[in-house]
Amino acid sequence: MRTLTFACLTLTALAVTLCGRPARAAGTLTVVAASSLTEGLQDMKPVFEKAHPGVELRLSFASSSQCRMQIEQGAPADVFLSADTENMDPLVKAKLVDKPVIFAHNTLIIIVPKDNPAGIKSPGDLTKPGVKLITCAPKVPIGNYTRQVIDKMDASGEFGPDFKERVLANIVSEEPNVKGIVGKVTLGEADAAFCYVSDVTPPVKARVQTIEIPEKMNAIADYPMAVISATADRELAQAFIEFVLSREGQRILKNRGFIPARPEKPSRTPTMRPKAK
Amino acid sequence: MRRSAFALLLLLSLPALALITLPLVGLCSCMRIGSLGACVCCREASSALTLSLITSGIAAAVITLIGTPFAYWLAYCDFRGKKVVETLVDLPIVLPPAVAGVALLFTLGARGLLGQYLAVAHIRLPFTTAAVVLAQMFVAGPFYFRQARIGFQGVPQPLLLASRTLGASAFRAFRQVILPLASPALIAGLIMAWARAVGEFGATLVFAGSLQGVTRTMPLAIYNSMDADPTHATAVVLSVALVTICFLVIIITRAVLTRAAGLQETSRA
């Protein structure tokens, strides 16, 4: 009987402890971000934590569409960094996030495995029958941008008739996110894929060849970020937003291949002017 | 059992009961009957359903074909390394499906152990429907192998010996004695393997990829539609379909096995 009472009391205590507390400990900032921001945010983490002692930055990466779904379902997070505005707008409309701000841009590039089994030398080669092209579903930003680029290439007429149809017919899989795409190309499973310029990190570069997309046909990805309305620490979340937009934050993103939203202003330190004669 | 003891046990069992029933209740409560009809016919759901049924059907058929002699061998033969083989048979059951997918990729992928030779013959498996079938066979096969072996082992030896002394050839003994007596277990194993094949997700996603009509089976379609479809209609409809299938599987398997147990009793009498 005594053991039973003890067991019941322990269980009750445990239940209360687990259910009552919110998921976040004080001094934690949970950031939900698009997969393409993996390296950039990981670089930012030690810098931000050093500037805010006692704060732990928790990073969670998934495709922007999955992030949006998580936030809609009430996942406990403080800031959302998306790879496109299409996944941020529904959250703004539903008042689940505060006003977003664009913090970076990105462009696309074509990657093929290092040994280039399908012999892709230019975007036009993507129409060759049997080429295994992988992308993401249209709701995932990279999937959306890829289809935009394909549309632009088709409209230009430079790559032959029926470019769009033939390329879309070569899609063999829709991976969950852009890192999945890069993974399959580096493994040599896919023959070609569109990914972000920022995804061609040094380890990836060693395993792929890249094919540039003509500037006028490329898509410019706009990356918005916003504080999630249900955040437990609005001040800290705002501090993170400011950090990403700061010189340091923008420099880190530029290092990783992103186009900063706030271009670096030329230094304002006074220069020695020759004395007027 | 005393009423108070029963009540106490019931109280302590509530968390476990809640764990197994609440998610199902939640799923069914999200379903709107109106959208159900619309969605079953919609392209994503019907294509996923058809693909799942076809691939799992082929996988189950091949598993039966290759699994029956294998199970028979394990049931009736003793050999060095049998324990190793038995462990290998059990492995895919406990292996995380994603690991299974990675293993298949590194074996049969473009640069895989065998895949590189297949590639020379212009056979590239990833991203094909065949890859879906292979992934399903790998994870679901052991369910049949194990159950079939138990079925074969359960055939009473006296009956088998009697048939041989009466002049039946080994093949006739198999066909007319072993098979009928083991068939309930074989059927139960087949149903479980088929259900596992239908529910296969991780290995399929990693090895075969996800494309509507080619590799996007029901579980993959559910995963895809969770963030693609704001109403989640496809996800809910397919989930309910899968839950229904699983329920039927359990009911049928239990009925078959109970009948088998009954038959065994009468055959011993």
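In which helix of chain A does A:Leu91 lie? A:Leu91 belongs to helix α4 (residues 89–93) of chain A, where helices (H or I, at least four residues) and strands (E, at least two) are DSSP runs numbered from the N terminus. The model is predicted: local features need pLDDT of at least 70 and side-chain atom pairs count only at pLDDT 80 or more, whereas totals for chains, interfaces and linings use all residues. Residues are numbered from 1 along each chain as its sequence is written, and chains are lettered from A and ligands numbered from 1 in the order in which they are written.

**Chain A overall**

- Chain A contains 10 helices and 10 strands.
- Of the 277 residues in chain A, 43% are buried; a residue is buried if 20 or more other C-beta atoms lie within 10 Å of its own, exposed if 12 or fewer, and partly exposed in between, with C-beta atoms placed from the backbone.
- Two residues are in contact if their C-beta atoms, placed from the backbone, lie within 7 Å. Among contacts in chain A between residues at least 6 apart in sequence, 77% join residues at least 24 apart.

**Confidence**

- The mean pLDDT of chain A is 89, and 86% of its residues reach 70 or more; pLDDT is the predictor's confidence in each residue, from 0 to 100.
- Among the elements of chain A, β3(A) has the highest mean pLDDT (97) and helix α1 (residues 2–20) of chain A the lowest (64).
- Where pLDDT is low, the predicted coordinates should not be read in detail.

**Domains of chain A**

- The assignment gives domain 1 (25–105 + 222–260) and domain 2 (106–220) of chain A; domain bounds come from an automatic or database domain assignment.
- The C-alpha centres of domain 1 and domain 2 of chain A are 27 Å apart.
- Domain 1 of chain A brings 22 residues to the contact, and domain 2 of chain A brings 17 residues.
- On the side of domain 1 of chain A that touches domain 2 of chain A, the elements giving two or more residues are α2 (38–51), α3, β4 (101–113) and β9 (220–227) of chain A. The most comes from α2(A), with 3 residues.
- That side of domain 1 of chain A has 7 nonpolar, 10 polar and 5 charged residues. Ala, Val, Leu, Ile, Met, Phe, Trp, Tyr, Cys and Pro count as nonpolar, Asp, Glu, Lys and Arg as charged, and the others, Gly among them, as polar.

**Contact between chains A and B**

- This contact involves 15 residues from chain A and 13 residues from chain B.
- Two or more residues each come from α3 (64–72) and β6 (171–175) of chain A on the side that touches chain B.
- By class, this side of chain A comprises 5 nonpolar, 5 polar and 5 charged residues.

**Strands around β1(A)**

- In strand β1 (residues 28–34) of chain A, 6 of the 7 residues are buried.
- Strand β2 (residues 56–62) of chain A runs parallel to β1(A), joined by 7 bridges; two strands pair if DSSP finds at least two bridges between them. Within this pairing, A:Val32 has A:Ser60 as its bridge partner in β2(A).
- The β-α-β crossover from β1(A) through α2(A) to β2(A) is right-handed: with the strands pointing away from the viewer, the path from the first strand over the helix to the second runs clockwise.
- Strand β3 (residues 79–81) of chain A also pairs with β1(A) in the parallel sense, over 3 bridges, and A:Leu81 in β3(A) stands opposite A:Ala33.

**Strands around β5(A)**

- In strand β5 (residues 133–136) of chain A, A:Leu133 and A:Thr135 on one side and A:Ile134 and A:Cys136 on the other are all buried.
- In a regular strand the side chains alternate between the two faces of the sheet.
- β5(A) pairs with β6(A) in the parallel sense over 4 bridges, and with strand β7 (residues 192–196) of chain A, also parallel, over 2 bridges.
- A:Leu133 has bridge partners A:Ile171 in β6(A) and A:Ala192 in β7(A).

**Individual residues**

- A:Leu91 counts as buried because 22 other C-beta atoms lie within 10 Å. Not counting residues up to four places away in sequence, A:Leu91 touches A:Arg68, A:Ile71, A:Leu96 and A:Val97.
- A:Lys95, in the loop between α4 and β4 of chain A, has a positive phi near 60°. A:Lys95 is exposed because it has 8 C-beta neighbours inside 10 Å.
- A:Asn116, in the loop between β4 and β5 of chain A, has a positive phi near 45°. A:Asn116 is partly exposed, with 16 C-beta neighbours inside 10 Å.
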